[in-house]
Amino acid sequence: MYFSLAKNRQVLSGFLEHLSRVPPASLSNVDIFFIPDFVSLGETAQQLETAGVAVWPGAQDCHWEDSGAFTGEVSPQVLQEVGVRIVEVGHAERRRLFGETDATVAKKAAAVCRNGMVPLVCIGEQTAGGDVRVAVDECRTQVEAVMAGVSADAEVALAYEPVWAIGASEPAGEGHILDVVEGIRQLECVKSRRGTTRIVYGGSAGPGLYQRLKTGLDGLFLGRFGHDPERFVKTIREVAEA
């Protein structure tokens, strides 16, 4: 929930303009997603479809029930009907401001999978200080809750964001990120899955970062650094070429 409807249109149009200059074949090995607010979502999905680009429309949240009398909530079933491919759940702001628990996030992730979409589950430690063991242990609880709730065959994306790094001028240290991500990959609930599990990084991520993290990550999850269309597409190309 960053921009006005007009600003969202402007950002998306700029993104599509810059993306149109990139040969489609060079992006064949990446999945790109764009996650606007709910009011803009239907229009965004139509604009992406009309543009004929391989970009997934995404949603910032959903309810854990497919439908029902939950006034003000957004149905994952409706999101799927609109054309959404990926749904963000469990962002640190949802946990902090709206009291979402690991159990709530797990139910939402299950609903996303149940409706044929990919849950983008935000995970990350609250504790700063660079202790990898502490970070992995905090993430373990979040990941195990989600994996217990989704099918072992479902595709899941984990967006690792140390909470203390969100909004920071610099991301967490590269060594810390890679060590924590490797620890997450070694969790039994991740290793034993049959479905694809991708891990991306999202704490103050921007151009130039993926080249330094490509040995351990599957991609990036851009926040405010994704609001600049030129930098967004530059980052996409860096991921595709890594």
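**Spaces, helices and sheet**

Biologist: What is the volume of the second largest pocket?

Modeller: This is a predicted model, in which local features need pLDDT of at least 70 and side-chain atom pairs count only at pLDDT 80 or more, while totals for chains, interfaces and linings use all residues. Residues are numbered from 1 along each chain as its sequence is written, and side-chain values use heavy atoms, without hydrogens and water. On a 1 Å grid over the protein atoms alone, a pocket is an open set of points with protein on both sides within 12 Å along at least five of seven lines, and a cavity is a set where a 1.4 Å probe fits but cannot get out; lining residues have an atom within 4 Å of a point. Points are joined across faces, edges and corners, and the space filled by probe spheres set on them is the volume, which for the second largest pocket is about 210 Å³.

Biologist: How many charged residues does the lining of the second largest pocket have?

Modeller: The lining residues include Leu 19, Val 22, Pro 24, Leu 27, Ile 32 and Gly 52. Asp, Glu, Lys and Arg count as charged, Ala, Val, Leu, Ile, Met, Phe, Trp, Tyr, Cys and Pro as nonpolar, and the others, Gly among them, as polar. By class, the lining has eight nonpolar residues, three polar and, for charged ones, none.

Biologist: Which elements give two or more residues to the lining of the largest cavity?

Modeller: One cavity of 30 Å³ or more is counted, and the largest has a volume of about 40 Å³. Leu 5, Asn 8, Arg 9, Leu 12, Ser 40, Glu 43, Thr 44 and Gln 47 line the largest cavity. Helices (H or I, at least four residues) and strands (E, at least two) are DSSP runs numbered from the N terminus. The elements asked for are helix 1 (5-19) and helix 2 (38-51).

Biologist: What covers the buried residues of helix 1?

Modeller: At 1.5 Å times one less than its number of residues, the 15 residues of helix 1 should span 21 Å, and the end C-alpha atoms are 21 Å apart, so the two agree. Buried means under 20% relative accessible area, exposed over 50% and partly exposed in between (1.4 Å probe, protein chains only); Asn 8, Val 11 and Phe 15 are among the buried residues of helix 1. With contact meaning heavy atoms within 4.5 Å, the cover includes strand 1, helix 2, strand 2 and helix 10.

Biologist: Is Gly 42 buried or partly exposed?

Modeller: Gly 42 is found in helix 2. Because its relative accessibility is 29%, Gly 42 counts as partly exposed.

Biologist: Which are the edge strands of the open sheet?

Modeller: Seven strands with parallel pairing make up the open sheet, in the order 1-2-3-4-5-6-7. Two strands pair if DSSP finds at least two bridges between them.

Biologist: How many residues of strand 4 are buried?

Modeller: In a regular strand the side chains alternate between the two faces of the sheet. On one side of strand 4, Val 118, Leu 120 and Cys 122 are buried, and on the other Pro 119, Val 121 and Ile 123 are buried as well. Of its six residues, the buried ones number six.

Biologist: Which residue of strand 5 does Val 121 stand opposite?

Modeller: Strand 3 and strand 4 pair in the parallel sense over four bridges, and there Val 121 is the partner of Val 89. Strand 4 and strand 5 also run parallel, joined by four bridges. In strand 5, the residue opposite Val 121 is Leu 158.

Biologist: Which residue takes a positive phi just after helix 5?

Modeller: Helix 5 (residues 102-114) has 13 residues that should span 18 Å, and its end C-alpha atoms are 18 Å apart, so it agrees with expectation. Its buried residues, including Val 105 and Cys 113, pack against helix 3 (76-82), strand 3 (86-89), helix 4 (92-98), strand 4 (118-123) and helix 6 (132-149). Just after the helix, phi is about 80° at Gly 116.
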